Amino acid sequence: MRPLVFAIALSLSAFAVPAEAAEATGTTGTTATKAVYGWAWSTGGTGIRITPMAATYRKPLHTFKAIPGARELRLDYAKAAFRRVTVACDLKETEGRVALDRKGLGSTVCGPGDLTADLAFGPSAVRVEYRGTTAVKINEVLANRPDPRTARGTVKRIDDTTVLFTGAGRTLKLGYTNLMTFGRTTRRCGDGWLAGKPVNADRHGLGKKPCQSRDFTKALKSVGHPVLVQVDYAPQVNELSGVREVFGDA
């Protein structure tokens, strides 16, 4: 899971701002500029995907809440203005100092390349102003992360960083980065899914051989159907932090 990007004094005075999701911020010709909050995921190049969420601000943190029926947006940020919460564009974490405006939006002036570098470490909490499929301005924000959950179900590959997880009667799109762990039942990390005898399964059939996200990607490519797993993920962020292969297929 991506490390928390803040280390700030809780002595800051607290105030609340009503929840907001999408808002019109202006027009250009007949195209309205809208704004949404949520977790931005890289889709490669200068593309992001983001599912709009309701946001409540209590200094210095935003809290996101899922909006029933909200549809994922795919935007290009090649020419977008980008503002970070860190005091320098190239920092991975705030290191105890933050750059926020009165609305809790990142204020350090950065560029699209800095957003690309930031997203390489995982999803980023943001406010995005956009027109059509083009991001105009992106502000990083500090956001609460929900406690992780563990669930058993099936996963089906979408691409090299995204899967569909189905469990407990619901299906989620979950993303992952190279920080994700992968527990295998197989002898080697590079084996196909459930290849050979379960030499590294615990008494519950869960994989216990420590492997990496690239091994998960490779193994999942070896099957064309959903496979049984146990996952650790962050709700709302929809980020996989760990996957364990389960001996027995769906």
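Trainee: A disulfide is a pair of cysteine sulfur atoms within 2.5 Å. By this rule, how many disulfides are there?
Mentor: The count comes to two, and please keep in mind that this is a predicted model. With the bonded cysteines of the chain numbered in sequence order, they pair as 1-2, 3-4.

Trainee: What is the handedness of the link between Cys-89 and Cys-110?
Mentor: Cys-89 and Cys-110 have their sulfur atoms 2.1 Å apart, and with -100° about the S-S bond their link is left-handed. Cys-89 sits in the loop between strand 8 (81–84) and strand 9 (108–110), while Cys-110 belongs to strand 9, so the bond ties together parts that are 21 residues apart in sequence.

Trainee: And is Cys-89 buried, partly exposed or exposed?
Mentor: Cys-89 is partly exposed, because its relative accessibility is 21% and the class of buried residues ends at under 20%.

Trainee: What about Cys-189 and Cys-211, how far apart are the sulfur atoms?
Mentor: The sulfur atoms of Cys-189 and Cys-211 are 2.1 Å apart, and the torsion about their S-S bond is about -85°, so this disulfide is left-handed. Since Cys-189 lies in the loop between strand 15 and strand 16 (209–212) and Cys-211 in strand 16, the pair ties together parts that are 22 residues apart in sequence. Cys-211 is buried, at a relative accessible area of 8%.

Trainee: Let's step back a bit. What does the secondary structure of the chain come to?
Mentor: The chain has two helices and 18 strands. Of its 250 residues, 44% count as buried, and the accessible surface comes to about 12,400 Å², with 52% of that belonging to carbon and sulfur atoms.

Trainee: What share of the contacts with a separation of 6 or more comes from residues 24 or more positions apart?
Mentor: Such residues account for 62% of the contacts in the chain with a separation of 6 or more.

Trainee: Now the aromatics. How many aromatic pairs does the structure hold?
Mentor: The structure holds seven. One of them joins Tyr-176 and Phe-216, whose ring centres are 5.3 Å apart and whose planes stand at 80°, so this pair is edge-to-face. The pair links distant parts of the chain, with Tyr-176 in the loop between strand 14 (170–175) and strand 15 (181–184) and Phe-216 in helix 2 (residues 213–221), 40 residues apart.

Trainee: Which residues do the ring pairs link into a cluster with Tyr-176?
Mentor: Ring pairs link Tyr-176 with Phe-182, Trp-193 and Phe-216. Leaving aside neighbours within four places in sequence, Trp-193 is in contact with several residues, including Phe-182, Arg-184, Phe-216, Val-229 and Glu-245.

Trainee: So which members touch the most others in the largest nonpolar core?
Mentor: Among the 20 residues of that core, Val-155, Trp-193, Phe-216 and Leu-240 touch the most other members. Two or more residues each come from strand 13 (162–167), strand 14, helix 2, strand 17 (227–234) and strand 18 (239–245), and strand 17 gives the largest share, four residues. Apart from this core lies another, of 17 residues, among them Ala-40, Leu-115, Leu-119 and Val-126.

Trainee: Last topic, the backbone. Where is there a cis peptide bond?
Mentor: A cis bond joins Lys-59 and Pro-60, with omega at about 5°, and Pro-60 lies in the loop between strand 5 (53–58) and strand 6 (61–66). As background, most residues other than glycine have a negative phi, and most peptide bonds are trans.

Trainee: Is Ala-168 buried or exposed?
Mentor: Ala-168 counts as exposed at 83% relative accessibility, while Asn-238, at 22%, counts as partly exposed.

Key:
Residues numbered from 1 in each chain as written. Predicted model: local features only at pLDDT ≥ 70, side-chain atom pairs only at ≥ 80, totals over all residues. Heavy atoms only, no water. Phe/Tyr/Trp six-rings, centres within 6.5 Å; stacked < 30°, edge-to-face > 60°. Buried < 20%, exposed > 50% of the residue type's maximum accessible area, 1.4 Å probe, protein only. Contact = heavy atoms within 4.5 Å. Areas by Shrake-Rupley, 256 points an atom, 1.4 Å probe, with all protein chains shown as cover. Core = buried A, V, L, I, M, F, W, Y, C linked by side-chain atoms within 4.5 Å.
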